[in-house]
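Reader: I am new to reading protein structures. Could we go through this one by question and answer?

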Amino acid sequence: MTPPRADAEGAGVVEGSDGVAVELRGITKRFPGTLANDAVDLTVRRGEIHALMGENGAGKSTLMSVLYGMERADAGSVIIDGREVAFASPSDAMAAGLGMVHQSFKLFDSLSVAENVVYAAEPRRFGLVDLAAARRRVRELAEEHGLSVDPDARVGDLPVGLRQRVEILKLLHRGARTLILDEPTAVLTPAEADALFAVLKSLAAEGRTVILVTHKLREVLEGSDRVTVLRDGRVVARLVTAETSADQIAAAITGRAVELDRIHAPGTAGEPVLEVAGLSTDAVRDVHLSVRAGEIVGIAGVAGNGQSELVQALAGLRATTAGRVTLRGGDITHASATERRAKGLAYVPEDRHAVGTAPAASVADNLAMGHHRTSLSSRGLLPPAAVRAHAKRLVERFGIKTSSPEVPASALSGGNLQKLLIGRELAHDAPVLLVEQPTRGVDIGAIQTIHDQLIAYRDAGHAVLLVSAELSEIRGLADRVLVMYEGRVAASYTKDEADERTLGLAMAGGDTRTQVKAAD
Amino acid sequence: MFFDSDLLMSALRALTPILLAALGGALCERAGVFNIGLEGMMLMGCFTAVATSWFTGSPWLGVLAAALAAAGYSLILAVGAVTLRGDAVVLGIAMNLLAVGLTSFLLRTVFGVQGTFDDPALAGLPLIGGFTPLAYLAWVAVGVAALLLSRHVWGLRLRGVGEAPDAAATLGVSPAKYKYGAILVSGVLCGLAGAQLALGNVTLFSENMTAGRGWIAVVAVMLGRALPLGVLLAALLFGLAEAAGFRLQGLGLPQQATDAAPYVVTLGALFLTTARRRRTRPRPSGAAS
């Protein structure tokens, strides 16, 4: 580890221009129709991990775009290391020691790790890229910061967690002293997220500064030094992490008291509606489960243990190699996705951009999808008035924030797109709902809304199969919890038994006490 | 014997224009521009080379003028596809159609003839060891392009621009600049290809004399996966097909059938590449898990 720079001290430096890495003063940014940032002040001290929080649309992204030279503020100033700057582009910001890891990575999949890291800042020999030096550089940086990754691996072959390391290495190679990370853990597994925070903490300890844009309260509480909360374009709270609580931050974010990690009361289960006996696919082995009407069954597990494949098989999107699936008594083992839907299955897929919605189509059209076969169809035609009315109804009922139902779905924020997707599927009123990662990358206010909707759906007598990587979500919603490990259902718990420790142990493959064979 | 050194020599001669154009196409491909205007740019090169050589008496000035004219012509694609964000395929087709009409029109106005301009006084390129200097240049260009793409700073940046322009832009590399560069270089190479065709392979200009060689170059880019060495192999295949076509004529097959040889090979190659691509290139895994 490099010794801290002389002027770099940890958090606790007195407020002032000394020890301040980044200062934004009175940033105002107006877009047609909205005031995205309204005189925002943000002070980030050198050597701290500073969390910037707020709901979707609160102005975090705009503020970071202004800081990083992607947008020009209408008013206000940016001060880096005590000097006022005016960035015309991200390159200027990088030259001033800033670096940003975007939520969607900016990497070249077909190039090697080393090539990605040195791109546009290459070590050269006679005008040629000195690949040996590039590899060496990657190894040095990796060792120094605990970001080990093979410099020769093709980036496209790497898992998400390692790609993120490449992004960070890229910034470090360019000498970034302040790192901005936008929703860095949205796509990471819990273990990858822990590894990331270990790296961030060591970077902060060497005197670098980290600005973390995130929705996740737990990460902020565990990993940050201070928090700035934005709401409707204004700063509503500046908190020292050690002196605050999750409730306090959540209240600042939403503007109302929020009950976090609420454990909902169990439902009253009726007859089994979805029954799975000995189901196997390429990644799922001999799974038995049943979901009853009026019940939410949660599936926990570390990503990649067959949960996604199981749900895809149930939705009719993945071939079943063995076993039997019945829906309300009817065999659907080999039914197509369309037939399953017709028999009473609705499905909220994990990937809302690629699978769940058509981003280029309008909000109204996206809401109509699936319903085009049932309620909206009139002699094979889709009356535009019916599509519009349907969209209007769902937008209101599920609180989807959109300027008009005619805008493309890609214009919606992640949380709103998720509300659209869940709303559309709930509106089918299907007896069985499959839901994957319902609140991934969604802000706190929206999480609560979505959870309430799922509980209401259950209470209306529907069966819900919930797959989530968030243990708190599983514990809060599920009446029974199954843990998947290496393609099998490794354990089954009742709501009372399913505490975090027990689930965590089973997810790691540690507890196969209750080998589930038949529906219980 | 059907396969002998003569066949190889004639294959190598037939290969040069395709190779030059395909190298240009490969650069564009790597920069993320699908350039199917190679045919049109090549044809502009043919006419300019012949006209300049005729009026100045120097084939070398003809070569130079052809390179400049085709590069100028390639600006249509650069401005249209990069600056104005138009569709490169539509632009390329338009350039190809325009080139046929424009060169036929110029043939009539400048030389006062229709169909073909052919004069013993028209100076062609000298031959060294049976090949024009441009043929040797094409071979050198393969090596230069391979080194540039794989090892040079420009090559790395160009590949990055082609794959993820956003990512390149965030690192301060201008995608537009690299795309313009690739398109202009492809213009120069197509101009040279045209000069080789009109002052090397033959010494004349006739309407639409490129006869699909630019399109074959486009296929060579795909077949060679936009790698300079791959493109060389693909161009060699087409050169052999063309030479074999000539040879088959000698065996009494009708000319119309033998002339089709390179195009038949092209079709076969297209089927092969698309089939292979479908097998080996599944959807790239996205960032979201």
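Reader: How many of the eleven residues of helix α9 of chain B are buried?

Author: This is a predicted model, and the answers below are computed from it. A residue counts as buried if 20 or more other C-beta atoms lie within 10 Å of its own. Among the residues of α9(B) that pass this cut-off are Arg213(B), Ile216(B) and Leu223(B). Helix α9(B), residues 213–223, is mostly covered, and the number of its buried residues is ten.

Reader: Which residue just after α9(B) takes a positive phi?

Author: The helix α9(B) covers residues 213–223. Just after it, a positive phi of about 50° is taken by Arg225(B).

Reader: Is Gly230(B) buried, exposed or partly exposed?

Author: Gly230(B) belongs to helix α10 of chain B. Leaving out residues up to four places away in sequence, it touches Gly224(B) and Arg225(B). Buried needs 20 or more other C-beta atoms within 10 Å, and exposed needs 12 or fewer. Gly230(B) has 18, so it is partly exposed.

Reader: How far apart in space are Gly230(B) and Gly200(B), C-alpha to C-alpha?

Author: In sequence, the two residues are 30 residues apart. In space, the C-alpha separation of Gly230(B) and Gly200(B) is 24 Å.

Reader: How are α5(B) and α10(B) directed relative to each other, roughly parallel or roughly antiparallel?

Author: Helix α5(B), residues 133–151, and helix α10(B), residues 228–250, have axes that come within 8 Å and cross at roughly 150°. Angles over 145 degrees count as roughly antiparallel. The crossing therefore makes α5(B) and α10(B) roughly antiparallel.

Reader: Which class do the residues in the contact of α5(B) with α10(B) belong to?

Author: From α5(B) come Val142(B), Ala145(B), Ala146(B) and Leu149(B). From α10(B) come Pro228(B), Leu229(B) and Leu232(B). No polar and no charged residues are counted in this contact, and seven are nonpolar.

Reader: At what angle do α3(B) and α4(B) pack?

Author: Helix α3(B) covers residues 59–83, and helix α4(B) covers residues 88–111. Their axes are 9 Å apart. The two helices are roughly antiparallel, because the angle falls in the range over 145 degrees. The angle between α3(B) and α4(B) is about 160°.

Reader: How many polar residues does the contact of α3(B) with α4(B) have?

Author: The crossing of these helices is right-handed. In α3(B), Tyr73(B), Ile76(B), Leu77(B), Gly80(B) and Ala81(B) take part, and they meet Ala88(B), Leu91(B), Gly92(B) and Met95(B) in α4(B). By class, this contact has seven nonpolar residues and no charged ones, and its number of polar residues is two.

Reader: What is the bridge partner of Val78(A) in β5(A)?

Author: Strand β4(A), residues 75–80, runs antiparallel to β5(A), and three bridges join the two. In β5(A), the bridge partner of Val78(A) is Val85(A).

Reader: How many residues lie between the strands of the hairpin formed by β11(A) and β12(A)?

Author: Strands β11(A), residues 226–231, and β12(A), residues 234–240, pair in the antiparallel sense over six bridges. One of the pairs joins Arg231(A) to Arg234(A). In the turn, Asp232(A) has a positive phi of about 50°. The number of residues between β11(A) and β12(A) is two.

Reader: Which element gives the largest share of the side of chain A that touches chain B?

Author: The contact takes 26 residues from chain A and 21 residues from chain B. On the side of chain A, the elements that give two or more residues are α2 (90–95), β8 (128–129) and α5 (160–173). The largest share is three residues, and it comes from α2(A).

Conventions. Residues numbered from 1 in each chain as written. Chains lettered and ligands numbered in written order. Predicted model: local features only at pLDDT ≥ 70, side-chain atom pairs only at ≥ 80, totals over all residues. Axes fitted to C-alpha atoms, helices over the stretch in contact; angles between N-to-C directions. Helix = DSSP H or I, 4+ residues; strand = E, 2+ residues; numbered from the N terminus. Parallel < 35°, antiparallel > 145°, perpendicular 65-115°, else oblique. Left-handed = near helix turned anticlockwise from the far one by under 90°. Contact = placed C-beta atoms within 7 Å. Nonpolar A, V, L, I, M, F, W, Y, C, P; charged D, E, K, R; others polar. Pairing = 2+ DSSP bridges.
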